[in-house]
Amino acid sequence: MNLAVRDIGRRPGRFALSCIGVGLLLTLVLSYSGIYHGFVYEALTLIDKAGADVWVVQRDTRGPFAEQSRLPEDIRYRMAIVPGVAAASPYVVYTIQRPWRDRSLRFVVVGYDLHLGLGGPHEVVAGRGIAQAHYEMVADAKLNLPLGTKLHLGLNDYTVVGLTRGVVGSSGDPVAFFSLADAQEIQFVKDNWAIRNLRERAKAAYTNALPTQPALSEVLAREFADNPDLHTVNTILVRLNPGSQPQAVAQAIGRWKYFTAYTTDEQSQLMLAGSVARARMQTLLFRIFLTIAATVIIAQIIYTMTLEKLKPIALLKLIGTPTRTIVGLVLQESLALGLIAYAVALVVGSLTYDKWPRLVLVQTADKLTLLAMVVGICVIASAMGIRRALAVEAGAALTG
Amino acid sequence: MEVVRIENLSKVYGSGRTAVTALCEANLVARSGELVAVIGPSGSGKTTLLTSMAGIVEPTSGRVTIGGITTYDDGWKVRDLARFRREHLGFIFQSHNLILFLTARENVLVALQTRGVKGARAVRVAQELLDYLGVGERQGHLPEALSGGEQQRVAISRALANSPQVILADEPTAALDTERGQSVMALFRRIAREKGSAVICVTHDSRMVEGFDHIYHVKDGVVSDGRADARSGEGSPTHD
C-alpha cells in the first residue's frame, strides 16, 4: 500500500490541476530551450544550405547576414581563378515586406546564379526549381503561397513554381528564391522618371567632358544610367575543389585589398556571436527565472499538501511508523507531481510547437536536462515539507 | 503479569515562576488483561499521564516501565520511542483519528505494515481484526462514509494490529452517544479478556467505567487509586 498514491487519490482533481499548472510552467522552460535551438537553426539554415565553402564579402564587414556587405558582381570572375576554387557565384540576400491581397508578406529574398546553383534552394518539396532567367520564384511553404501564385514585386509579376520547407532566414522569415537578376531588380527598381533624370544628368556630364563626340556621350550616359546597383551583390559564394583547404583559400582571398573571406564555419560563428548570442542570453535568463518560479511553486504546493497531512503524519508517528515512510510519503507526492507535470509539458509541447510563430526545436538533451531538473526541483521542494513533517510531535495526534 | 508500572512520575511544564506541575509523583500499575480507568476533570493531568506512558512527553522525574522496558533510559532517541510504541502500545483517541485518505482496511494495514506484516498476510489479519470488531463489511469505505461508532471500531482494530501489551485510550467515548460509548467499553472488556492486553482508558465520564478492574482518579496532577480511596481514604497510588 502506497500512502502517497492513496493521498493523491483522495483529491485527484486538485492534484491534476496542480500537475497541469506546473506542467504548463515546465512547457515554457522546455520551450525556451527549443526557442534558442530554433534561433540557432534558423540563423544557420541559409549558411548551411548554400553549399559554399568560402564567403567573400566587402572588406572588413561581417556580411552578408550579420552585417550589410556590397560587392561588384564581376568579382566572381576574379574569385574563379584563385587556386583551389571550383566555382564562384554571386549571391544576393535581403528582407522585404510587401502587401499582398489582404495580408502582409515578409520574407527573405535570395538571388542566386541559376547556372551554378550555389545558394539556391537545397530541396524543392513541391513543383520544380527555377527554370528560366526571369519571373519565376521558389518560395518556402511557410509563406503560404500555393504553386502557380503570381506575386507582383517591383515592376513585374513572379510565379511560384516550387516550394521548399523549413528554409528561413535568421529572423525566422521564410525565404523566397529568385534568379540573381530578378532579385537585384526587385531590390533596386527605379521608376521611369528617375531613370530619365539620371540619364539627363549623365548626358550633361559626358557632353561637357566630350564636347566633340556627342554620339559617344549619349551611349555612355545611357550605360551609366542603367542602374549600376543592378550589378551589385552581397557576397560571392565560393565552392572549392576537393582537397582544397577553405581556411587557406580564405586567407589567400583576404590578402586582396578590397575583400574579406570567411569559411563557412567562420560565417556560422559570426552569426552565433551576433544576434543569436544575445537571444541565447535572453532565453537562458528566462529559463533561470522560470526554473526558480517552478521550484517555488512546487515547493509551495508540496508544503501546503504536507500541512494538510500533519494530523495523519502525527498519527503515523504515534503508532511508530518509521521516519523513512513519512519522508517517502512527502517525497513521492512531490516526485509524482513533478513527473506528471513533466509529462504534461512534453505532451503540450509536442502538440503546440508547430503552431508557434518561430521555430521551436526541442532536442532530446533538453528533455533529459529538464527531467533531471524536475527531479532536482522536486527533491529540493519537498525538503521544506519533509522538515515540517518531521517536526510534528506524535502527541499532536491526541489533540482534537 | 505486570505490564505497566509507573513510579513517582512527575511532569513540570516551564520553569521558574511560570512552572506548572501537570503531574505530581504519580504511581500506577496495570497487569495483562486488566481494565484500568483514569478519571478526572479537564486539565487534571490525565492526558499528561497518558502521553508520558506513551513516550510522547518526557517526564521531569520518575520512571515508566512497560513490558519490562523503562522508557527514557539513558541514550533513548526518537527512533527508540517509535519502535517502543510500535511494538508495545496501541492507541485509541477521542476523535477516532483515522487517516482520512485511507479506507477502513487500509487504516489497519498501515499499522500492520509498520510492524512489518505485509502482503496477503497483512490483508488477512486486517480482515480478521475488522471482523472481530464487527466492521468487516465496511472495510472498503473511507472514514467519512462511516458512522462515529464504526470509525471508533476501526480505530480499535488498528490499535490491535500490533498485538499490543497495552492499549492506551484517550477519551474514547467522548464523541459517541451513551449507547455507543458503552458498546465501546464492552469491546474493551472483551479485548482485555480475549487478547490479554491491558487497557488503560482515560475519561472524564465515570459512568463509562463500570466493571473496570481499577479506577484511578486524577485531580490537580495527583493520581489516587479510587478503590483504595473508597476503602481506606489514604489515597494509596498502587494496588499490589
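Select the two domains of chain A to begin, and you will find that the C-alpha centres of domain 1 and domain 2 of chain A lie 51 Å apart. Domain 1 covers 3-43 + 276-398 and domain 2 covers 49-273, with bounds that come from an automatic or database domain assignment. This is a predicted model, in which local features need pLDDT of at least 70 and side-chain atom pairs count only at pLDDT 80 or more, while totals for chains, interfaces and linings use all residues. Residues are numbered from 1 along each chain as its sequence is written, and chains are lettered from A and ligands numbered from 1 in the order in which they are written.

Next, look at where the two domains touch: seven residues of domain 1 of chain A and seven residues of domain 2 of chain A take part in the contact, two residues being in contact if their C-beta atoms, placed from the backbone, lie within 7 Å. On the domain 1 side, α2 and α9 (275-307) of chain A each supply at least two residues, and the largest share, three residues, comes from α2(A). Helices here are DSSP runs (H or I, at least four residues), numbered from the N terminus.

Now select α2(A) together with helix α8 (residues 264-273) of chain A, whose axes come within 10 Å and cross at roughly 145 degrees; the axes are lines fitted to C-alpha atoms over the stretch in contact, and angles run from 0 to 180 degrees between N-to-C directions. Show A:Val40, A:Ala43, A:Leu44 and A:Ile47 in α2(A), which meet A:Thr264, A:Gln267, A:Ser268, A:Met271 and A:Leu272 in α8(A).

Move on to the largest nonpolar core, which has 176 residues, and highlight A:Val54, A:Val238, B:Val4 and B:Val199, the members that touch the most others. Such a core is a set of buried Ala, Val, Leu, Ile, Met, Phe, Trp, Tyr and Cys residues joined through C-beta atoms within 7 Å, where buried means that 20 or more other C-beta atoms lie within 10 Å of a residue's own. If you then centre on B:Val4 and leave aside its neighbours within four places in sequence, its contacts include B:Leu28, B:Met53, B:Ile66 and B:Val166.

Finally, display both chains, and find the 23 residues of chain B that are in contact with 17 residues of chain A. On the chain B side, α1 (46-53), α2 (78-88) and α3 (104-114) each supply at least two residues, and α3(B) gives the largest share, five residues.

Notes. Buried ≥ 20, exposed ≤ 12 C-beta atoms within 10 Å, placed from the backbone.
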